[in-house]
Amino acid sequence: MSASRGEFTSRFGFILAAAGSAVGLGNIWGFPTQTAGNGGAAFVLVYLILAFFLAYPAFMAELVIGRHGQANAVTSLRKISNNSTQRIFAFIVGFGGIVCAALILSFYGIIAGWMMSYAVEPVTRVVGLTAVGDWVISQSLARNLLFVSIFMFMTVSIIRFGVEQGIEKWSKRLMPALIIILLSLIGYVMTLEGASEGLQAYLLPDFSRVLDPNLLVSALGQAFFSLSLGTSVMIIYGSYISRKENLVTLGAQVTLIDVSIAFLAGLLIIPAMYVAQASGVTIFGEDGSLVSGPGLVFSVLPALFDGMGSMGVLFSFAFFVLMSVAALTSSISMLEGPVSYVVENHGVERKKATTLIGIFILMLSCIIVFNLGTLLDFVATLSTEYGQPIIGMLCCIFVGWIWHRNNLLSELQSGYEGVEHSLFWKIWPWYTKLVCPLCIGLVFFNSL
Ligand code: PHE
């Protein structure tokens with residue numbers, strides 16, 4: 001992105017930044033946890049369908065709104081509104097997304113802090129500070145407060161000192177490294193006893209669960225969470241894409257990267273749970289379902305690394321460092337939402353806005369840390385399972401019902417000449433207008 005309004009320097013730059021936002025804890029912590037909590041393969045199947053058939057079209061809607069508006073979410077939505085009622089609606093949707101991003105960051109920072117603490121632990125072990133290592137990975141108020149503060153400090157610092165350099169440089173190394181480490185861990189797990197049973201649980205769906213309303217809401221929320229939708233983030237990232245770029249393929253590439261990494265993470269964690277079971281760990285609850293919850297990844301993975309001997313220390317360090325970086329490239333995108341709004345629409349200086357909003361969100365995180373048992377789940381469910389799909393759906397309504405079709409087409413034509421003859425243009429406009437809002441609405445109606 002350049003200094004003025006900002007634009008990604010290359011198509012590669014955008015893919016990296018958007019994939020950096022999309023790939024994060026949602027893929028490696030959220031997806032496996034949800035899969036375990038919702039009956040394994042049935043969840044995977046529904047997730048894949050919803051990610052490609054609902055989240056991708058909604059993702060395209062946000063990108064195109066942003067590139068057309070060349071501004072933060074509220075302003076971009078206002079630009080396609082035709083009268084004052086629609087402009088009020090634009091404010092509600094845009095501002096709602098910004099609030100949603102702030103709420104997500106407030107709980108995201110806590111989990112990211114856990115990732116960082118698990119990255120520090122192997123180091124303490126190598127230098128012989130075992131007691132420190134034990135403290136660092138045990139649940140305590142002080143540990144949580146310390147690490148969420150460090151994480152938020154890093155997020156704020158990156159946004160203050162130049163996003164351009166930051167995101168592109170970090171993401172470029174992150175993605176390949178993440179994929180390599182996931183693949184090697186999957187290869188290792190597959191050699192262990194219990195893995196094939198885990199593979200079955202991950203890949204062979206129990207079709208009777210596929211229409212379970214709770215599973216549907218969770219999978220929808222997970223798909224929107226993973227692609228960073230309904231939070232104003234992709235509208236802003238869209239606003240940084242050059243008019244020379246083809247939005248349709250860019251969006252598809254980012255979706256593919258995101259979904260693939262989540263799938264790989266599940267392919268590691270679920271079999272690793274069954275491997276742990278083979279060595280005596282209980283992985284089923286009293287009702288016979290797989291245990292899950294926010295701590296799942298933090299118990300399954302360290303157990304796996306422990307079994308790898310001295311190599312395990314190295315893997316554990318590399319894995320949790322990569323996870324912390326992945327969380328950072330996502331958290332900076334979340335903070336960019338509220339910051340760009342306050343800077344562009346209220347004339348606050350960028351560094352000042354970043355620090356103030358960062359402190360405010362950290363205060364929210366601290367409130368959650370003090371009430372971890374109740375608030376973590378509540379804020380996560382509220383923002384990801386309700387906030388994101390609802391706001392994402394409202395963006396689809398903007399594109400489908402409010403934006404003039406010809407203007408929408410001419411926006412897509414820049415960077416993609418002949419889009420009007422493509423399959424995309426034959427399907428996507430009515431799909432976004434009718435199918436997306438209807439399906440998202442149905443999932444909610446069903447869950448009530
Ligand atoms: N998509 C990110 C992840 O999977 C989380 C995120 C949500 C980022 C909303 C930005 C906005 O971890």
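Trainee: Is F317 buried, partly exposed or exposed?

Mentor: This is a predicted model, in which local features need pLDDT of at least 70, side-chain atom pairs count only at pLDDT 80 or more, and totals for chains, interfaces and linings use all residues. Residues are numbered from 1 along each chain as its sequence is written, and side-chain values use heavy atoms, with hydrogens and water left out. Buried means under 20% relative accessible area, exposed over 50%, and partly exposed in between (1.4 Å probe, protein chains only). F317 has a relative accessibility of 37% and therefore counts as partly exposed.

Trainee: Which residue forms a salt bridge with E411 at 3.0 Å?

Mentor: That partner is R243, with 3.0 Å between the closest N and O atoms. R243 is partly exposed, at 38% relative accessible area, whereas E411 is buried at 4%. E411 also meets R67 in a salt bridge of 2.8 Å, N to O. R67 is buried, with a relative accessible area of 0%.

Trainee: What is the distance between the closest N and O atoms of E336 and R350?

Mentor: Those atoms are 2.6 Å apart in a salt bridge. E336 is buried, with a relative accessible area of 4%, while R350 is partly exposed at 29%.

Technical notes
A salt bridge is a side-chain nitrogen of Lys or Arg within 4 Å of a carboxyl oxygen of Asp or Glu.
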